[in-house]
Amino acid sequence: MSSFFYSIKQGIKNIFRNRLFSLASIGTITACLFLFGVFFCLVMNFQSIFQEVETTVGVTVFFDEGTAEDRIMAIKSDIETLDSVEEVLYTSPEQAWEDYKEKAFPDGDNEVLTNLDNDNPLADSASLAVYLNDAATQEDVVSYIEKIENVRTVNSSQSVADSMASIGRLISYVSLAIIVILMGVAIFLISNTVMIGVTVRKEEIAIMKYLGATDFFVRGPFLVEGLLIGAVGSLIPVCVLYFLYDKVVEFVTERFAILNSILVFTPSLEVFRLLLPVSLIIGLGIGFFGSYFTLIKHVRV
Amino acid sequence: MIALDNVTKTYPGNVQALRGISLRVEKGEFVFVVGESGSGKTTLFKLLLKELEPTSGAIYINNKNLGKLRRKRVPILRRGIGVVFQDFRLLKDRTVYENIAFAQRVVGVPARNIRKNVMAVLALVGLTDKAKSRPDELSGGEQQRVALARALVNNPPLLLADEPTGNLDPKNSWEIMKLLEAINMRGTTVLVVTHNKEIVERMKKRVISMDKGLIVNDEKKGGYYYE
Ligand SMILES: Nc1ncnc2c1ncn2[C@@H]1O[C@H](COP(=O)(O)OP(=O)(O)OP(=O)(O)O)[C@@H](O)[C@H]1O
Ligand SMILES: [Mg+2]
């Protein structure tokens, strides 16, 4: 037990004795895990947006200009006969307009928009929302609907989802490459930091060996040093991201109010409940491997 | 206590430091090891500490074959052997007390026992009043006594001293030797490498003489062989 506290005490001493390299190591891990954190937040939000898109939008059908409501209702019944269709909801032009106003100005009536009520800008925006009971049949359903007369366009979440996914994938690859490179740099820096500590304390290590110290006892302080650097380097970016996250969400929500129905952000607590332990494990892992390999190679009883 | 069977040690570059040594040291003995520079005395000590492996032959300490000792058990072996060097090897950034307590911490002695043990061994080497001094505030003789205290604080049954008086004047050398003799009389087996002919002849102990990696003489009651 006393050797456990000894390791921690000596490990902290090492970090301060070796300030410059320790800071460089912490900085690199911080950069690495900051990037990872940003990437992580994006992925988590993409996922929640995908889910939102899939469950709310299904397939939306718009009609040629001047298509009568009766005709639309007929098409609605037609679509409803399909096996894979769960439900079809009709949105009238008036409803579409009200919805738009609601989204754009959630706090109340806007005079300019209200003045337009009698000359509905969305007069041809009547639509049918088609909900499917099986997402896999979407393609067939879409091509069936597209062939119906008077149907102007069919929007399906698939295309939105696809392009989002490919953007997401690109971001992931680039971030992952940078993260891996930074991880390598971080491991290299930590092993150098530890190596300097080992060199400075060569005399002491030699004496310890003669006195019958175990490998564990001699390596302990250096391992603690690596782990502490890893822990600090992972906590800094998580804290910074935690404060940034709500600010960014707030900013996006205000700026792009129209998109509020699609952009559903994952609550920060949910993101960081996962990001904190994951970052900590990566940081500790970098610290552990950075110091351990150096120690195996250079510090043996 | 110690047994060597035809031990050889060849360093990389074909340097033959030991060329076939057989030796027995019984528990409680006091033995001088003498021989000119490069005859293999330090190499012999390093083999006993399993810091080096012999090229051939077998070494036994307390009937345990060091060649069969697993790496994990090496610290246990070393805890049973105190070592002292010519250059003291004290940690300069720590006090006398801390240097000795360090030895206890390394082997995991509970904190509450450390103080008592350190003060007892400091009394043994006569440095109770220097506990708070740093090594560079002490004379060479005092520093070597601190090193000796550190080697002894864990009560090893065997003490190896490699030229412990090499850096000391005759008076201090004699005091260290007397201290080693006192430690031996308490039951510790002691091996001392020295070049000090005068002391060896006055002490009347067993003397092993080495030359070019071989034992050339083993005198039971004193006498410095090598000229
Ligand atoms: N690490 C090493 N690599 C190669 N040769 C070595 C090494 N250590 C010692 N030697 C050689 O082995 C021989 C014995 O060395 P050793 O240190 O055992 O002698 P010694 O009797 O202790 O001498 P001294 O009285 O000068 O301390 C010498 O020739 C030395 O040069
Ligand atoms: Mg020597």
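## Ground rules

This is a predicted model, where local features need pLDDT of at least 70, side-chain atom pairs count only at pLDDT 80 or more, and totals for chains, interfaces and linings use all residues. Residues are numbered from 1 along each chain as its sequence is written, chains are lettered from A and ligands numbered from 1 in the order in which they are written, and side-chain values use heavy atoms, with hydrogens and water left out.

## Chain A at a glance

Chain A has 10 helices and 4 strands. Here helices (H or I, at least four residues) and strands (E, at least two) are DSSP runs, numbered from the N terminus. Walk along the sequence and the pattern reads α-α-β-α-β-α-α-β-α-β-α-α-α-α. Take the contacts in chain A with a separation of 6 or more: 86% of them are between residues 24 or more positions apart. Contact means heavy atoms within 4.5 Å.

For a local example, look at Ser127(A), which sits in strand β3 (residues 127-132) of chain A. Its relative accessibility is 8%, so Ser127(A) counts as buried. Leaving aside neighbours within four places in sequence, Ser127(A) is in contact with residues including Thr60(A), Phe62(A), Leu89(A) and Thr91(A). Thr91(A) and Ser127(A) are 36 residues apart along the chain, yet their C-alpha atoms are separated by 5.2 Å. Not counting residues up to four places away in sequence, Thr91(A) also touches Ala96(A), Asp99(A), Ser125(A) and Ala126(A).

## A buried strand in chain B

Over in chain B, strand β9 (residues 206-211) has 6 of its 6 residues buried, so it is largely enclosed by the rest of the structure. Both faces are covered: Arg206(B), Ile208(B) and Met210(B) are buried on one side, and Val207(B), Ser209(B) and Asp211(B) on the other. As a general point, side chains in a regular strand alternate between the two faces of the sheet.

What does β9(B) pair with? On one hand there is strand β3 (residues 30-35) of chain B, parallel to β9(B) over 5 bridges; two strands pair if DSSP finds at least two bridges between them. In that pairing, Phe32(B) stands opposite Val207(B). On the other hand there is strand β10 (residues 214-219) of chain B, which runs antiparallel to β9(B) and is joined to it by 5 bridges. There, Ile208(B) stands opposite Asp218(B).

## Two positive phi values

The β9(B)-β10(B) hairpin has 2 residues between the strands, and Lys212(B) takes a positive phi near 50° there. Arg89(B), another residue that isn't glycine, has a positive phi near 55°. Arg89(B) is in the loop between β6 and α3 (96-106) of chain B, and at 25% relative accessibility it counts as partly exposed. For background, most residues other than glycine have a negative phi.

## The open sheet

Chain B also has an open sheet of 4 strands in the order β2-β1-β4-β5, with antiparallel pairing. Its edge strands are β2 (15-25) and β5 (64-65), each pairing on one side only. Strand β1 (residues 2-11) is joined to strand β4 (residues 56-61) by 5 bridges, and Ile2(B) stands opposite Ile61(B) in β4(B).

## Nonpolar cores

A nonpolar core is a set of buried Ala, Val, Leu, Ile, Met, Phe, Trp, Tyr and Cys residues joined through side-chain atoms within 4.5 Å. The largest has 83 residues, and Phe32(B), Ile100(B) and Leu180(B) touch the most other members. Beyond its neighbours within four places in sequence, Ile100(B) is in contact with residues including Val118(B), Leu122(B), Val146(B) and Val153(B). Apart from that core lies another, of 32 residues, among them Ile21(B), Leu44(B), Phe45(B) and Phe85(B).

Key:
Buried < 20%, exposed > 50% of the residue type's maximum accessible area, 1.4 Å probe, protein only.
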